[in-house]
Amino acid sequence: GAVQGLGAELVFAAFMYANWRAVVAVLAGAGAGLAMAITDLTVWYPGSDTLFVTVYTASAVVGGALIAGLLSWLAVRGLAKTGALSRFAAGREVSKRV
């Protein structure tokens, strides 16, 4: 989990924690997936063949982008519309647009 979080945080840091758009969330999810794949392939699957490494990495990146990135962004937008996130920057940005 810490390695996945680091993968996402590197993306958020690249955008200086100031951009709460879907693209950044999807990229952060993909970064988390890539970090997970690198860790898993190093720790649990060393010496795997190229096809496995390619499919595993692609699946981790796409899955991270969709599940951790896009779905989390959609959840934040839904919660922000209720006012539940008004104390947070992401919640205030969504409420300004609505």
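This is a predicted model: local features need pLDDT of at least 70, side-chain atom pairs count only at pLDDT 80 or more; totals for chains, interfaces and linings use all residues.
M16 sits in the loop that links helix 1 to helix 2, just after the end of helix 1. Its phi is near 55 degrees, a positive value in a residue that is not glycine.

Y17 is found in the loop between helix 1 and helix 2 too. Phi of Y17 is near 55 degrees, again positive in a residue other than glycine. With a relative accessible area of 44%, Y17 falls into the partly exposed class.

## About the model

Residues are numbered from 1 along each chain as its sequence is written, and side-chain values use heavy atoms, with hydrogens and water left out.

## The overall picture

The protein contains four helices and zero strands (DSSP runs, numbered from the N terminus: H or I of at least four residues for helices, E of at least two for strands). Reading from the N terminus, the order of elements is α-α-α-α. The C-alpha trace spans about 50 × 20 × 20 Å along its principal axes.

Of the 98 residues in the protein, 26% count as buried. The accessible surface comes to about 6,300 Å², and carbon and sulfur atoms account for 71% of that area (Shrake-Rupley method, 1.4 Å probe; for residues, only the protein chains shown count as cover). If you look at contacts (heavy atoms within 4.5 Å) between residues at least 6 apart in sequence, 52% of them join residues at least 24 apart.

Helix 1 covers residues 2-14, and its 13 residues should span 18 Å at 1.5 Å a residue; the end C-alpha atoms are 18 Å apart, which agrees. The expected span here is 1.5 Å times one less than the number of residues.

Which residues of helix 1 are buried? They are G7, A8 and V11. These residues cover an arc of only 90 degrees around the axis, so they lie on the same side of helix 1 (the arc is taken from the directions running from the helix axis to the C-beta atoms). Helix 2 (22-43) is part of what covers the buried residues of helix 1. The face turned away from that buried side carries the exposed residues A2, L6 and L10.

E9 also has its place in helix 1, and its relative accessibility of 36% makes it partly exposed. E9 and A68 are 59 residues apart in sequence, and their C-alpha atoms are 13 Å apart in space.

## Helix 2 and its buried residues

Helix 2 has 22 residues and reaches 31 Å from its first C-alpha to its last, close to the 32 Å expected at 1.5 Å a residue. Its buried residues include V24, A28, G29, A30, G31, A32, G33 and L41. The buried residues of helix 2 pack against helix 1 and helix 3 (50-82).

Setting aside neighbours within four places in sequence, A25 is in contact with G69 and W73. A25 and G64 are 39 residues apart in sequence, with a C-alpha to C-alpha distance of 10.0 Å.

D40 lies in helix 2.

## A residue of helix 3

V55 has its place in helix 3. This valine is partly exposed, with a relative accessible area of 46%. V55 and L79 are 24 residues apart in sequence and 34 Å apart in space, C-alpha to C-alpha.

Terms used: Buried means under 20% relative accessible area, exposed over 50%, partly exposed in between (1.4 Å probe, protein chains only).
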